[in-house]
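Q: Please take a close look at the loops of this model. Which local backbone and side-chain features stand out there?

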Amino acid sequence: MKKTFLIALFAMSALQIIAQSSIQYFRNDTIPVTRLGDTLPNPWAGGLNFCQFSSIDLNLDGKDDLFIFDRSGDRMSTYINEGSTGQIKYKHAPQYLSAFPNLSGWAILRDYNCDGKADIFTFGAGPMGGIDVYENTSSITNGLQFQLKVHLVKANMTPNSTNFYDDIKITSVDVPAIRDIDGDNDLDILTFDVGGTTVEWFRNMSVEVSGNCDSIIYTLETRCWGEFTENTLNASVTLNTPCAPPPIMDAENQLRAERHAGSCMECIFSDGDGDPDLLVGDISNAHVTYLRNGANAASAVMDNSDALYPSYDTTVFMNIFTCPYRADVNNDGFEDLIFSPNASSTVENYRSCWLYLNNGTNDSMVADFQQRNFLQDGMIEVGEGAVPRFHDYDNDGDLDLFVGNYGYYSSSGIYPSKIALYKNVGNFNAPSFQWVTDDFASLHANAYNIISPIPTFADLDGDGDKDMLVGDFTGKLHFFRKDPGPADNFVLAGPNYQSIDVGNNAAPQLIDVDRDGKVDLLIGEQSGNVNYYRNTSATSTAAFTLVTNNFGGIDVQAPSFITGYSVPCMYDNNGSYVLLVGSERGFIYRYDNIDANLSGNFTLTDSTYLTAREGMRVAPWANYINGDTIIDIVIGNYSGGVAIYTGDLISSVTEFSNQEIPTLVPYPNPATNSIQLSGWSRETQFPVTVQIFNAAGMVIDEQNLINREQSLNTSAYSAGYYFASVRDKNAQSATFRFVIAESDER
């Protein structure tokens, strides 16, 4: 019964279980948002920047849905296809994300074993890059599941000589074409060679060897598929370049080879002759180059090119590194094209998903331009670096939404940084947000040159209304006085406010930290620490004095990282302060033991709070937004969007966990080989039984702990999210969550 209950919990929409006071947090996509009279279909989807698109049947209904991998923080998102024939309609469905392993670099979904289920091909961390393959083992009974099939796919590099096997080397910035090249139904791989001039064809020999397409058996068929070369400096293509005999390679020469900067490819069928043609993107190319295959499937020779594809329609153009992806978006049976940059910055970010519908057939594709912001137009999308804040700016009793950003892409290289405002046109019990402006207080229009504005609100001048303090990229603050008149009448009255400078990326919060009735100031920064400035003014005009730049001993800078990008949010939780801190890696840290301990180190109760997979540089903010007495949490991320998690009291959780054992805290979290538990009560009777559940809610392990000092052995667990149930011999119980991190030693 307990197992059934847990599976039901995980089946809910992105359910996040918090083992305190029986509160559960849900990813809430139901709060309406409108823009210019249109209701956004996926307002809280979290934004999209630099995306790779793949088709997959997520809910096993026989219909292809969408999986998107965003290079902004290796962020994944999933969308259920609700469209009918000829209709484009996708619903954000984050509940499926927990089934996916942690992925990085690139991720392409293809059915390698012909079972009708899309598997995962992704970057594998080898000496010079590589490919990992995860098999889709989903079933109606168990739902969406994946398991690692091959780590670092190898190929016979010299099939005609020494039979030297080595990893297929694809870097984290390349995107290979993984398609059936020779028409035998197994998946081949096309990727540029280590020099970046010719395309290597790794032929899958599964059908040839076993008669089936269910294996991963690769051999290097040719180092110059299509007989063309690409210029590594300007991405121009030279046709009719015959192949030279492949060199005899050994391990030493393979490791010495230098890798090119980055390329991407996709196969299409454009001229009705049955052989695959090629679309090529490159890190030095703002366009995509089309190459027509004038020979056949097995022996390709490119005889025509279009450097401004599609030159017969709107040419795709995205500054640098434009990459193509095939998917049937409108359910007409013909695969369409989506283009998005494969860069990580300095390229289109809020109009970066260009959709072209196929007005031809799958054998003769005709790309018809539709829009530059596929899916992005249906969500809160502020370019790069969303930082949300709630504040009742119009004094109507409900909270409005402000979203600062790093910036919207501009070809000038100087990103317009702004603060977007979404006014709450609902009420305190039933919020509903309406877009008002992308440039609140005219920060950009007035040319204040405030980069990456992060707002916070409080009365700083003693006139009874709440002013706005804005942190910026340079680590400084700017005071905007709220003047009489319209609700948005904020005037810049104090640039470089009180000469406060925390270095880079000031993320301020105004709050009465010491509870003396005067508003104080917390500031996160690029280094990952939190600064505490106390209001020492004897008047109603605030005057801030630095107390410490190591508030609470907080440091969210991860090992091997040189930056942390801390974003603090302190809130009162039933009379006690709680502090959430966002970080560069995407984890939210939760601290308590704050009151009466302002000069000490706070207690880190969770380093993966909500286990939210929202991407990089997450920015949490906590408020009561839906009329109940439970804090809700909004999270911004570097993909330019926001997500809302609303909290609910669930009485039935007491059947699963009586909480007679206090909340157990796993350490370290994320972990690798072992976990130590703290928080045992004196009444806990050992030994205790610990059941481990994977993200799909299935029991994967059971261990017995004979005393408080014994650790859980997690060395056999793959990277990902887990849930544990602890029960002692008196049936007292507790629950906790933990993450197993990637490790080179695992």
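**Loop residues in detail**

A: Asp74 is located in the loop between strand S6 (65-70) and strand S7 (75-81); helices (H or I, at least four residues) and strands (E, at least two) are DSSP runs, numbered from the N terminus. This is a predicted model, in which local features need pLDDT of at least 70, side-chain atom pairs count only at pLDDT 80 or more, and totals for chains, interfaces and linings use all residues. Residues are numbered from 1 along each chain as its sequence is written, and side-chain values use heavy atoms, with hydrogens and water left out.

Most residues other than glycine have a negative phi, and most peptide bonds are trans. Asp74 has a positive phi, near 50°. Asp74 counts as partly exposed because its relative accessibility is 29%; buried means under 20% relative accessible area, exposed over 50%, and partly exposed in between (1.4 Å probe, protein chains only). Arg617 also has a positive phi near 50°, and lies in the loop between strand S44 (603-606) and strand S45 (619-623). With 23% relative accessibility, Arg617 counts as partly exposed.

Tyr309 and Pro310 are joined by one, with omega about -15°, and Pro310 sits in the loop between strand S24 (302-306) and strand S25 (322-327). The bond from Phe686 to Pro687 is cis with omega near 5°, and Pro687 belongs to the loop between strand S49 (674-678) and strand S50 (688-693).
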